[in-house]
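Could you help me work through this protein fold, one exercise at a time? Please have the sequence and the 3D view ready, and try each task before reading its solution.

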Amino acid sequence: MARTPSQMLELGTQLPAFSLRDTVSDRTVSSTELDGSTAVVAFICNHCPFVVHIQSELSAFGRDCEEKGVKVVAISANDVTSHPEDGPAKMAERAREVGYAFPYLFDETQAVAQAFRAACTPDFYVFDRNGKLAYRGQFDSSRPGNGIAVTGEDLRAAVEAVAAGRAPAGDQKPSIGCNIKWRKGNEPGYS
């Protein structure tokens, strides 16, 4: 299982603009819907064992955020030619099966993933009410087979701090996961 780390986008970066289709509701979701709120953007996919490892707790995290007024969106940017299980129909099926309470968006052109400098799945970003990046990194220290319980403690602590108007802990650890499956000729220079 390949292990690719987050690129750790610079803190303070403005939320990249996007407008993507939610595979569950079939409506377009725009980054402007996150304006004025603490917001989490997660890059995930269906096939990655690192995502599968956390998906139940990620679903619970999404429900908790919804109750607290924190907005969450997940994005899959994988090339569906090489990974058809990460296509929109399968994404919608997985979202329903796991109970994601947040939109699961499809980045067909991979431009949004590139704008975020997303490198792996899962990859997490927390933006403050002004749309400034306050956290990027891991869900928690659990990885498939390492025996550490999946809690989402790193991401939960970051969201709690940002929602309360505080800066998250400075020691932000990169997420580790499967590399994003870029279309041939679409690979970003940072991969």
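The exercises below concern a predicted model, and each one is followed by a worked solution.

**Exercise 1. Trace the parallel strands around strand 5, and find the handedness of the crossovers on either side.**

Solution. 
- Step 1: Start with strand 5, residues 71-76, where five of the six residues are buried.
- Step 2: Look for the partner that comes before it in the chain. Strand 4 (residues 39-43) pairs with strand 5 in the parallel sense, over five bridges. To place this pairing in your viewer, find Val-40, whose bridge partner in strand 5 is Val-72.

**Exercise 2. Decide how helix 1 is oriented to helix 4, and which residues make the contact.**

Solution. 
- Step 1: Take the axes of helix 1 and helix 4 (residues 153-163). They come within 11 Å and cross at roughly 10 degrees.
- Step 2: Angles under 35 degrees count as roughly parallel, so helix 1 is roughly parallel to helix 4.
- Step 3: List the residues. Helix 1 contributes Glu-57, Ala-60, Phe-61, Asp-64 and Cys-65, while helix 4 contributes Leu-155, Arg-156 and Val-159.
- Step 4: Sort them by class: the contact has five nonpolar, no polar and three charged residues.

**Exercise 3. Describe the hairpin of strand 8 and strand 9.**

Solution. 
- Step 1: Check the direction. Strand 8 (residues 123-127) and strand 9 run antiparallel and are joined by four bridges. Phe-127 stands opposite Leu-133 of strand 9.
- Step 2: Look at the turn. Five residues lie between the two strands, and Gly-131 in the turn has a positive phi of about 75 degrees.
- Step 3: Ask how covered strand 9 (residues 133-137) is. Five of its five residues are buried, so strand 9 is largely enclosed by the rest of the structure.

**Exercise 4. Work out the strand order of the open three-stranded sheet, and explain what happens at its edges.**

Solution. 
- Step 1: The order is 1-10-7, and the pairing is antiparallel.
- Step 2: Strand 1 (4-5) and strand 7 (120-121) stand at the edges with a single partner strand each, so one side of each has no neighbour in the sheet.
- Step 3: Look at one pairing. Strand 7 and strand 10 (residues 176-179) are joined by two bridges, and Thr-121 stands opposite Cys-178 of strand 10.
- Step 4: Helix 1 lies across strand 7 and strand 10, running at about 130 degrees to strand 10.
- Step 5: Move along from Thr-121. A cis peptide bond joins Thr-121 and Pro-122, with omega at about 0 degrees. Pro-122 lies in the loop between strand 7 and strand 8.

**Exercise 5. Is each of Thr-38, Met-91 and Asp-26 buried or exposed?**

Solution. 
- Step 1: Recall the cut-offs: buried means under 20% relative accessible area, and exposed means over 50%.
- Step 2: Thr-38 lies in the loop between strand 3 and strand 4. Its relative accessibility is 3%, so Thr-38 counts as buried. Among the residues in contact with Thr-38 are Val-70, Val-126, Phe-127 and Val-159.
- Step 3: Met-91 lies in helix 2. At a relative accessible area of 0%, Met-91 is buried. Met-91 touches residues including Thr-23, Ser-76 and Leu-105. Met-91 and Val-24 are 67 residues apart in sequence, yet 7.8 Å apart in space, C-alpha to C-alpha.
- Step 4: Asp-26 is in the loop between strand 2 (19-22) and strand 3. With a relative accessible area of 51%, Asp-26 is exposed. Its phi is near 65 degrees, a positive value in a residue other than glycine.

Methods
Residues numbered from 1 in each chain as written. Predicted model: local features only at pLDDT ≥ 70, side-chain atom pairs only at ≥ 80, totals over all residues. Heavy atoms only, no water. Buried < 20%, exposed > 50% of the residue type's maximum accessible area, 1.4 Å probe, protein only. Pairing = 2+ DSSP bridges. Right-handed = clockwise from strand over helix to strand, strands pointing away. Axes fitted to C-alpha atoms, helices over the stretch in contact; angles between N-to-C directions. Parallel < 35°, antiparallel > 145°, perpendicular 65-115°, else oblique. Contact = heavy atoms within 4.5 Å. Nonpolar A, V, L, I, M, F, W, Y, C, P; charged D, E, K, R; others polar. Lists of a residue's contacts leave out its neighbours within four places in sequence.
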